[in-house]
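Hello,

Here is the structure I said I would pass on to you.

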Amino acid sequence: MQLRKTMCLAAMCLALCACVAVARKSGPKWPDAPAGAIVAVTDLAPAPKVYSKGKGRAYLILPKGGPYTSFVEMTGEMANVTMSHVHWSNASAGNPPRLGIFPSLTSGAPVLLSPPFHFKGSVSFTRAFNSTDLGYWAPGGVDAFVALLKSGALFVNVHTVANPGGELQGALECKSPCMWT
Ligand SMILES: *[C@@H]1O[C@H](CO)[C@@H](O)[C@H](O)[C@H]1NC(C)=O
Ligand SMILES: *[C@@H]1O[C@H](CO)[C@@H](O)[C@H](O)[C@H]1NC(C)=O
Ligand SMILES: *[C@@H]1O[C@H](CO)[C@@H](O)[C@H](O)[C@H]1NC(C)=O
């Protein structure tokens with residue numbers, strides 16, 4: 001009886017390990033998107049050396065010609081959330097924003113939500129963006145943005161009062177071939 005239990009556990013463990021391996025191999029969970037759209041996703045986790053009870057997920061959907069969509073969802077618990085952007089991962093340039101996610105902006109200057117918000121559970125923001133929104137931060141329009149996306153140089157950042165440099169972060173992974181088809 002005891003042996004059977006042990007064997008059963010071992011079999012379950014093997015099955016579980018196999019599942020985990022398969023899940024890893026199949027990569028990220030891509031959002032539903034129109035055929036031929038460029039899609040990028042990331043899991044959001046506490047930034048290096050930052051403690052947070054929050055985590056999340058974000059994605060971008062860019063159908064050819066637009067309209068483009070940004071989505072960020074945070075789960076767990078966070079205090080004093082102020083803003084979120086897609087940033088260019090370039091330390092010598094100061095990792096500058098390349099797209100505002102929230103709040104809505106009308107220029108290339110970061111704006112803090114006032115007041116900031118707290119949540120427990122989950123909260124999400126879905127927003128349309130276009131070449132005007134991209135143009136606030138850098139020249140080159142959507143083509144330059146997609147080039148950065150394709151090279152793995154963009155990440156999503158969620159800022160809070162306690163962690164103004166970023167509390168949650170995640171590198172965007174663009175779905176292959178990362179071009180309009
Ligand atoms: C990063 O930014 C610096 C300063 O703006 C620039 O000289 C450099 O070319 C950038 N790196 C890449 C990989 O584009
Ligand atoms: C982008 O969207 C804004 C509204 O959010 C609109 O005012 C603007 O004209 C749009 N720009 C382009 C190039 O479509
Ligand atoms: C959030 O902001 C309020 C008001 O500014 C402050 O009293 C509180 O300590 C902050 N909490 C955290 C966790 O940053």
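Below are the things I found in it, going from the overall picture to single residues.

First, some housekeeping. This is a predicted model, in which local features need pLDDT of at least 70 and side-chain atom pairs count only at pLDDT 80 or more, while totals for chains, interfaces and linings use all residues. Residues are numbered from 1 along each chain as its sequence is written, and chains are lettered from A and ligands numbered from 1 in the order in which they are written.

The overall picture. The protein chain has three helices and eight strands; helices (H or I, at least four residues) and strands (E, at least two) are DSSP runs, numbered from the N terminus. Starting at the N terminus, their order is α-β-β-β-β-β-α-α-β-β-β. Of the 181 residues, 30% count as buried. Here a residue is buried if 20 or more other C-beta atoms lie within 10 Å of its own, exposed if 12 or fewer, and partly exposed in between, with C-beta atoms placed from the backbone. Among the contacts with a separation of 6 or more, 63% are between residues 24 or more positions apart; a contact means that the two C-beta atoms, placed from the backbone, lie within 7 Å.

Nonpolar side chains tend to be buried together in soluble globular proteins.

Strands 3 and 4. These two run antiparallel and are joined by four bridges; strands pair if DSSP finds at least two bridges between them. Within the pair, Ser84 stands opposite Phe102 in strand 4. Six of the six residues of strand 4 are buried, so this strand is largely enclosed by the rest of the structure.

Some backbone details. Most residues other than glycine have a negative phi, and most peptide bonds are trans. Where are the cis bonds described here? One joins Gly66 and Pro67, with omega about -5°, and Pro67 lies in the loop between strand 2 (53–62) and strand 3 (68–88). Another runs from Ser114 to Pro115, with omega near 0°; Pro115 is in the loop between strand 4 (97–102) and strand 5 (117–129). Asn95, in the loop between strand 3 and strand 4, has a positive phi of about 45° although it is not a glycine. Cys178 also has a positive phi, near 55°, and sits in the segment after strand 8 (173–174). Cys178 counts as partly exposed because it has 17 C-beta neighbours inside 10 Å.

Finally, ligand 3. The residues around it are Ala79, Asn80, Val161 and Ala162, each with its C-beta atom, placed from the backbone, within 6 Å of the ligand. Three of them are nonpolar, one is polar and none is charged.

Best wishes

Conventions. Ala, Val, Leu, Ile, Met, Phe, Trp, Tyr, Cys and Pro count as nonpolar, Asp, Glu, Lys and Arg as charged, and the others, Gly among them, as polar.
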